[in-house]
Amino acid sequence: MKALHDSVIGIVGLGLIGGSLARGLRKANPKQRLIACDANEESLASARQDGTIAEALSLSELCVQADIIVLATPPIISAELLHEVASVAQGEAILTDVASVKGLLAEAATGLDEAVRRRFVPAHPIAGSERSGYAAASDRLFAGRKVILTPLPENDPQAVYQVHAMWRLLGAEVLAMGLERHDQVLAATSHLPHLLAYAIVDVLAQDTQRDDIFRYAAGGFADFSRLASSDARMWSDIFVSNRDRILEVLADYSAELARLQKLIATGQREELRQLFARVKETRDRFMTEHFHTSSPAAAAEESVTFHLEPGGSLSGSLRVPGDKSISHRAIILGAIADGVTRVSGFLEGEDALNTLAAFREMGVTIVGPDAGEVSIYGVGKEGLKAPRTTLNMGNSGTAMRLLAGLLTAQDFDSELSGDESLNKRPMSRIAEPLRQMGACIDTAAKGRPPLRIGGASLKGIDYVMPVASAQVKSCLLLAGLYANGRTRVFEPAPCRDHTERMLRGFGCEVTAAGGHIEVSGGQRLTAATIEVPADISSAAFFMVAAAISPQSSLQLRHVGVNPTRIGIINLLRAMGASIELSNEREVGGEAVADVQVSHRPLHGIEIPAEQIPLAIDEFPALFIAAACARGETVLRGAAELRVKESDRIEAMASGLAILGVETEMYDDGIRIVGGELGGGTIDSRGDHRIAMAFSIAALRASAAITIRRCANVATSFPGFVTLAAGAGLRIREERGGDS
Ligand code: S3P
């Protein structure tokens with residue numbers, strides 16, 4: 001396939017969108033060969049005159065010459081033209097469109113040859129204006145705007161890559177979603193508002209007093225009715241093409257209007273006020289989350305407080321969200337693989353979503369997540385594009401450290417940053433071995449983020465990790481895939497091996513023996529299918545909850561029980577807990593089981609050193625189990641806990657002290673004396689696992705517990721409060737306010 005800059009791009013229709021695309025492409029690359037056709041001679045003449053297009057052609061001439069053909073006509077015309085274009089286009093040509101309704105185009109595409117369907121990539125730039133025609137076209141129309149690709153299941157990843165690259169060149173943020181979802185979302189967010197604008201202007205226009213009304217109409221009317229100046233031809237097409245979806249949202253909207261009408265007619269002032277206040281809050285939140293921040297990373301900054309009433313027990317059966325470690329890795333490996341990787345059970349938490357956003361920014365088309373389903377159109381090992389901004393990894397150490405390994409091997413510069421917590425975490429542990437491999441990587445003072453990375457060629461090394469860290473190991477293995485020769489990472493104790501397992505699933509050779517893991521550079525990855533198990537680190541809170549609260553018995557379904565992750569099960573069992581595994585099976589190279597946990601009195605233990613890496617994220621939950629156990633629990637050799645999302649030894653010791661639990665802190669651990677738990681207000685330090693640990697403590701507390709700064713629970717466990725309340729926790733969430 002030709003490189004984008006060598007491709008001839010043919011634009012069918014030089015209206016606002018087609019014209020802006022042409023102008024943007026011309027500006028981005030003065031040498032790009034652009035050709036166009038349009039029924040409007042005037043538009044073509046202007047585009048020739050201002051140097052935007054090289055040639056104005058007939059449709060068939062254009063199709064014969066173009067490597068990429070963009071249908072920029074109204075949706076119904078595009079659907080009608082598709083077959084004609086496909087029949088004349090040259091064999092390798094990529095077809096795409098800009099229609100705001102995709103179902104119609106997909107339907108039209110069903111009749112195309114398989115080979116053509118592979119290269120027809122539907123797209124929709126969500127940029128427009130109430131103005132229309134070539135005269136209104138602007139080379140900046142798509143800068144910073146979203147373009148949604150809706151690839152067909154059979155699309156060739158190379159064709160998707162090219163269409164993505166074209167929009168990216170214009171400064172757009174390229175997203176992707178399934179066709180049906182697209183039409184549903186657009187019906188609600190774009191089509192309905194347009195319909196309402198047309199309707200309100202029409203109502204006022206029919207009024208006998210209309211001149212007066214329009215004369216006195218102020219800003220609100222102008223704001224609201226702006227969309228009614230949109231292109232009539234195009235919008236009539238859109239409503240007819242997306243009829244079913246629009247009728248669905250219109251029915252909801254009509255019901256809402258009828259409700260408001262009733263409230264007004266019956267003078268329900270207070271009800272109206274409450275409704276408006278609620279709506280205002282929703283809209284304000286939506287504007288800050290989606291319009292005023294550059295990445296999803298900032299969403300967690302909102303204040304969230306958990307309120308827990310004491311007592312309760314757990315019962316039933318539940319499945320916690322997907323594994324965070326595996327979700328990150330699925331995106332990373334899928335992005336650099338050849339082919340399309342399909343993921344199910346993906347964790348739609350902020351950490352994994354930030355990883356996903358980072359790869360989109362580097363030119364990878366990722367469809368979803370939609371109910372845990374994600375499709376990643378791999379760009380191959382050398383296909384990533386230089387990010388246009390600093391990549392914000394939010395709260396996630398895993399994302400930052402794994403991406404650093406990958407980015408050092410690229411031929412472009414990049415920068416990785418994070419939130420307040422991540423920007424305090426140690427990065428020398430990866431920067432130093434990466435430098436030994438030849439990487440150019442700079443940290444801020446004291447080895448902290450942001451990381452500035454320059455492209456370099458790497459050589460394989462032998463590296464002995466001072467601590468057993470899966471993040472360091474994975475970072476070096478990813479760099480090792482690009483390095484000359486072999487890379488060997490020696491681990492002082494086994495730690496999670498998801499990277500090794502998944503790399504094998506992508507067809508790479510990775511050996512693990514004698515305490516070290518080895519990869520050779522130069523291997524390619526082949527796309528895979530990944531089923532992400534439920535996260536044992538999230539399930540851990542419920543395991544401890546059921547173990548400590550009398551009369552509890554809870555089933556946790558489809559939990560990942562990889563042997564390098566089951567420290568929590570081993571340790572709880574050692575404390576006397578009743579935990580049964582059933583339905584044990586393997587999915588995509590990872591062990592999975594259903595886990596039944598029932599209440600039984602626990603006793604304190606000395607935590608064996610070899611269990612520490614296997615339970616590294618579960619200590620906040622385990623400390624709560626220890627606080628509820630008879631006797632003492634002692635942990636030593638776990639200094640790593642001080643450099644997690646918070647200093648977890650200090651955060652847990654302070655919180656436990658508030659609840660009246662006796663503890664003694666060590667540099668590398670803690671001693672906890674089990675006993676009675678009181679209530680109080682606890683600061684989670686913005687650490688998701690501290691917030692969830694103290695939530696379950698309430699099951700055994702004698703008074704209410706309030707936990708502040710809980711927004712980051714969304715990084716690993718979206719929906720925690722609902723799931724926990726459903727299982728029996730007396731938990732309530734408060735958003736906003738002073739937390
Ligand atoms: C992780 C490894 C662990 C763990 C983290 C996830 C991973 O970190 O604490 O939550 O996905 O590789 P370390 O490698 O720093 O121990």
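Colleague: In which helix is Gly405 found?

Modeller: Gly405 is found in helix H16, residues 397-407. Helices here are DSSP runs of H or I with at least four residues, strands are runs of E with at least two, and both are numbered from the N terminus. This is a predicted model, in which local features need pLDDT of at least 70, side-chain atom pairs count only at pLDDT 80 or more, and totals for chains, interfaces and linings use all residues. Residues are numbered from 1 along each chain as its sequence is written, and side-chain values use heavy atoms, with hydrogens and water left out.

Colleague: Why is Gly405 called buried?

Modeller: Buried means under 20% relative accessible area, exposed means over 50%, and partly exposed lies in between (1.4 Å probe, protein chains only). Gly405 has 0% relative accessibility, so Gly405 counts as buried.

Colleague: Which residues does Gly405 touch, leaving out those up to four places away in sequence?

Modeller: Gly405 touches Leu434, Cys475, Leu478 and Ala479, where contact means heavy atoms within 4.5 Å.

Colleague: Why does Ala371 count as exposed?

Modeller: The relative accessibility of Ala371 is 74%, and therefore Ala371 counts as exposed. Ala371 is placed in the loop between E13 and strand E14 (373-377).

Colleague: What makes the phi of Ala371 worth a remark?

Modeller: Phi of Ala371 is near 50 degrees, a positive value in a residue other than glycine. Most residues other than glycine have a negative phi, and most peptide bonds are trans.

Colleague: Which bond joins Gly368 and Pro369?

Modeller: Gly368 and Pro369 are joined by a cis peptide bond, with omega about 5 degrees. Pro369 lies in strand E13, residues 365-370.

Colleague: Why is Asn583 described as partly exposed?

Modeller: Asn583 has a relative accessible area of 46%, so Asn583 is partly exposed. This residue lies in strand E25 (residues 578-587), and phi of Asn583 is near 55 degrees, again a positive value in a residue other than glycine.

Colleague: How do you know that Arg496 and Asp617 meet in a salt bridge?

Modeller: A salt bridge requires a side-chain nitrogen of Lys or Arg within 4 Å of a carboxyl oxygen of Asp or Glu. For the side chains of Arg496 and Asp617, the N to O distance is 3.1 Å, and the pair therefore meets the rule.

Colleague: How many salt bridges are counted between domain 2 and domain 3?

Modeller: The count between domain 2 and domain 3 is three. Domain 2 covers 307-319 + 533-735 and domain 3 covers 324-531, with bounds from an automatic or database domain assignment.
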